[in-house]
Amino acid sequence: MWNINLTKADKRRCRELIHIGLERECENFVKDILELANKPFPQEELDEPYKEENGKSVEGPWHKRYIAIFKKTDEYDNHVAKRYDGMTGGHYLDAVLSLYLDGILSDEDIAPLSDEIRDFISRYKNMVDS
């Protein structure tokens, strides 16, 4: 997509940064799921009897929690697939750039990249932020 050729060293570092990004995103996801799973239920919600509306059962608090976790997991799975599946050398810079723009990678993380790549990322970020 970009007219920039990555050196072998930049490609290797991009692969490392993509791995770091995936690990950080997974950590954030698991922490979000744990927070959701461990959120206390109000006692009155736990004490609610079985009920139906229009002939259909209304989910209880644990089933609602399960559905929320399932939906969050499904959304995250789709996100990971779009961002990381089928990653080839031609897309390394795209992935690193999106991880940087999303705040998953920092200036310190991209510091080992070549000057040309860091300058490109900075210029792109400034253009997006304007």
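1. Start with Asp10, which sits in helix α1 of this predicted model. Where is its nearest side chain of opposite charge? That is Arg118, 7.2 Å away. Asp10 is buried yet makes no salt bridge, because a salt bridge needs a side-chain nitrogen of Lys or Arg within 4 Å of a carboxyl oxygen. Setting aside neighbours within four places in sequence, Asp10 touches Leu113, Ser114 and Ile117.

2. Arg118 has a partner elsewhere: it forms a salt bridge with Asp115, with the closest N and O atoms 2.4 Å apart. The two are three residues apart in helix α6, so about one helical turn separates them. Arg118 counts as partly exposed, because its relative accessibility is 24%.

3. Arg13 and Glu16 form a salt bridge, and their closest N and O atoms are 2.8 Å apart. Buried or exposed, what is Arg13? At 16% relative accessibility, Arg13 counts as buried, while Glu16, at 36%, is partly exposed.

4. Back in helix α6, take a look at Asp129 and Lys125. These two lie four residues apart, about one turn of the helix, and their salt bridge has its closest N and O atoms 2.8 Å apart. Asp129 is exposed at 52% relative accessibility, whereas Lys125 is partly exposed at 27%. How many salt bridges does the structure hold? There are seven.

5. Now for the surface patches, beginning with the positive one. Lys8, Lys11, Arg12 and Arg15 gather in a patch of positive charge. Lys11 belongs to helix α1, which covers residues 8-38, and is partly exposed with a relative accessible area of 33%.

6. There is a negative patch too, formed by Asp74, Glu75, Asp77 and Asp85. Glu75 is located in helix α3, residues 61-84. Its relative accessibility is 58%, so Glu75 counts as exposed.

7. Leu101, Met127 and Val128 make up about 270 Å² of surface here. Met127 is found in helix α6, which runs over residues 115-129. With a relative accessible area of 56%, Met127 is exposed.

Definitions and conventions: Residues numbered from 1 in each chain as written. Predicted model: local features only at pLDDT ≥ 70, side-chain atom pairs only at ≥ 80, totals over all residues. Heavy atoms only, no water. Patch = residues over 30% accessible without salt bridge, like charges linked within 9 Å, V, L, I, M, F, W, Y side chains within 5 Å. Areas by Shrake-Rupley, 256 points an atom, 1.4 Å probe, with all protein chains shown as cover. Lys, Arg positive; Asp, Glu negative; His and termini not counted. Charge placed at Lys NZ, Arg CZ, Asp CG, Glu CD. Buried < 20%, exposed > 50% of the residue type's maximum accessible area, 1.4 Å probe, protein only. Contact = heavy atoms within 4.5 Å.
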